[in-house]
Number of protein chains: 2
Amino acid sequence: MNTIKKRTYAIIGTGAVGAFYGAKLQLAGFDVHFLLHKDFAHVRDHGLRILSSEGDLVIPHVNAYADPRSMPPCDVVVVSLKTTHNKILTDVLPRVLNENGVVLMLQNGLGIEEEIAAIAGAHSVMGGLCFLRSNKIGPGLLRHTGSGYILLGDYALGGKAAGITLRCKAIAEDFSQAGISIRLTENLRVARWQKLVWNIPYNGLSVALNARTDRLMQCPSTRALIMNIMREVEAAAAACGHPIPPEFVEEMFHYTEGMEPYTTSMKIDFDEKRPMEIEAIYGNPLRAGAEAGAAMPLIEMLYQQLKYLDSLADPPSAGPEPE
Amino acid sequence: MNTIKKRTYAIIGTGAVGAFYGAKLQLAGFDVHFLLHKDFAHVRDHGLRILSSEGDLVIPHVNAYADPRSMPPCDVVVVSLKTTHNKILTDVLPRVLNENGVVLMLQNGLGIEEEIAAIAGAHSVMGGLCFLRSNKIGPGLLRHTGSGYILLGDYALGGKAAGITLRCKAIAEDFSQAGISIRLTENLRVARWQKLVWNIPYNGLSVALNARTDRLMQCPSTRALIMNIMREVEAAAAACGHPIPPEFVEEMFHYTEGMEPYTTSMKIDFDEKRPMEIEAIYGNPLRAGAEAGAAMPLIEMLYQQLKYLDSLADPPSAGPEPE
């Protein structure tokens, strides 16, 4: 990566996550290039707007692209697509990634970096977990309701702990300059399992039971079920050699108790008849757990319920939808 | 029981099951007394009508009661209430049951006879599982779409196999005279577990996934889930000392595959905002399994999901609803 000039950024997937971080980076003076699909013309003509409790952001002009072939190679390629659209990355990444660039995977679930390592090489991948409350409410328009942070970690072959690398610190520095909170993790895989402690129960149950988080936390039966599922995630992570700090499960549970009523991203996808991120959040952890000999009956049942519900939705449109 | 005069029958719960069998018994010349609640005035004035593929039945006059205190004591008290209304039986049974009479529990689930044994004595209880497709479609009006049978068994203290008793045969004879197919079982508890092999997966999943049986049988994920749940029921029954014949699970699975699209009774209850029979069909088997050391994680999860969904419904009306 170039360390003299400011790093250049590509945002692949200009939705609730990508548009937010890309906008902040651009406002901090970085050169940012946004790949869009449905909203391309609108964003090209009108830019991005973010309604935020921390102050609205208006960016009248952004570098918007409908075709990755028009984009310049960038130092950091931020992938903030839904995992269900990752198939486009095989074509996109070789076009937008600088020779010494890095792909930063801001996606939930497991097996995320592995998929990219197979395309761009293990040395070119990093990952992050976004703790952020942001929704797209129109073309180029976001509502940001909760300041959070990115838990950022480097990737090492096979998912081993990579430690805190120099490039990790450098990118963290860029994000910090842009006013984005960053925490660094030495072990990205543990961090991914930790986020699954939240995502696996709440995403799936919010869809299966048509509920926001507050309702799930009010009923003794779903409270017990959520805790049982969290414990299953914890046990699977440990079996896979990525033990989660023991107090973490209770923390996530009580954190959710204190949250405003929240509609999970998977529930929004389901309600809007978009494919849900079932394989990244359920399928891959189940396969990893099974390989390590962990029993995950509740998560498997939730996975099966979600696959059923997903099979009812209209088939996704043929083209890629990188936003 | 009186074996010279024809036996007299009380029907407690004149709904899809009770009205159907009561009507058939009355048409065969038995003296039948129907307890009603919401539909009392209508049935008193207009009787019962059953639309059936086997020929419609019209009974312009029946002995209809709104108050169990007006009913005569009967030789056989058929309880075809939803289990969620069983609380009324403490008052009703002592009034309608002849001194040497028997209570025939035509309800799904586990722990059914035990509840009545505590009120009327273990010697006064029998049970039956109804394989019947009948729905109430209006006051005093049923649609009967599938001829089935009653699997009838006597009860022995503690749920042990009671064998084929004389009174069991006698009541079977009455029902046969009325054109109702009867099969006898020596072990009512095994029969109850067998019916749970069907009820536990299909009732619960049809509610949780808002589906008829045909959709659940079309998707590979729900097919696998249904089979996993059936196996859990089978293992719990065996742990409880009531082993189900080994081929039975496959039979139920393939039977359902061949069925017309079917809306389960629990789904109808849920859609009509009536309380679901969660404790009889899930809670009691879970408690029995836990006592016997059987792991039932999937059934427990379904139970928790159903309790959540049930908690959303309007609270049930204060009064009893014996129909």
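Just after helix H1 of chain A, the residue A:Gly29 takes a positive phi of about 100°. Please keep in mind that this is a predicted model.

Let me turn to the confidence of the prediction. The average pLDDT of chain A is 93, and 95% of the residues score at least 70. In residues 316-323 of chain A, however, the pLDDT is below 50, although this stretch has 22 contacts in the model beyond near neighbours in sequence. For the complex, the predictor gives an ipTM of 0.88 and a pTM of 0.90.

I come next to the arrangement of the two chains.

Within chain A, the domain assignment gives domain 1, residues 8-186, and domain 2, residues 190-312. The centres of these two domains of chain A, taken over C-alpha atoms, are separated by 24 Å. Where the domains meet, 13 residues of domain 1 of chain A are in contact with twelve residues of domain 2 of chain A. What kinds of residues form the side of domain 1 of chain A that touches domain 2 of chain A? That side has four nonpolar, eight polar and one charged.

Now the interior. In soluble globular proteins, nonpolar side chains tend to be buried together. In this model, the largest nonpolar core has 200 residues. Those with the most contacts inside the core include A:Val77 and A:Leu104, as well as B:Val77 and B:Leu104. Leaving aside neighbours within four places in sequence, A:Val77 is in contact with residues including A:Ala10, A:Ile12, A:Leu93, A:Val103 and A:Leu104.

Finally, one residue of chain B. B:Thr165 lies in the loop between strand S9 (141-154) and helix H5 (166-177) of chain B. Why does B:Thr165 count as partly exposed? The reason is that B:Thr165 has 17 C-beta neighbours inside 10 Å, whereas a buried residue would need 20 or more and an exposed one 12 or fewer. From B:Thr165 to B:Leu188 the distance is 23 residues in sequence and 12 Å in space, C-alpha to C-alpha.

Technical notes: Residues are numbered from 1 along each chain as its sequence is written. Chains are lettered from A and ligands numbered from 1 in the order in which they are written. This is a predicted model: local features need pLDDT of at least 70, side-chain atom pairs count only at pLDDT 80 or more; totals for chains, interfaces and linings use all residues. Helices (H or I, at least four residues) and strands (E, at least two) are DSSP runs, numbered from the N terminus. pLDDT is the predictor's confidence in each residue, from 0 to 100. Two residues are in contact if their C-beta atoms, placed from the backbone, lie within 7 Å. A nonpolar core is a set of buried Ala, Val, Leu, Ile, Met, Phe, Trp, Tyr and Cys residues joined through C-beta atoms within 7 Å. Domain bounds come from an automatic or database domain assignment. Ala, Val, Leu, Ile, Met, Phe, Trp, Tyr, Cys and Pro count as nonpolar, Asp, Glu, Lys and Arg as charged, and the others, Gly among them, as polar.
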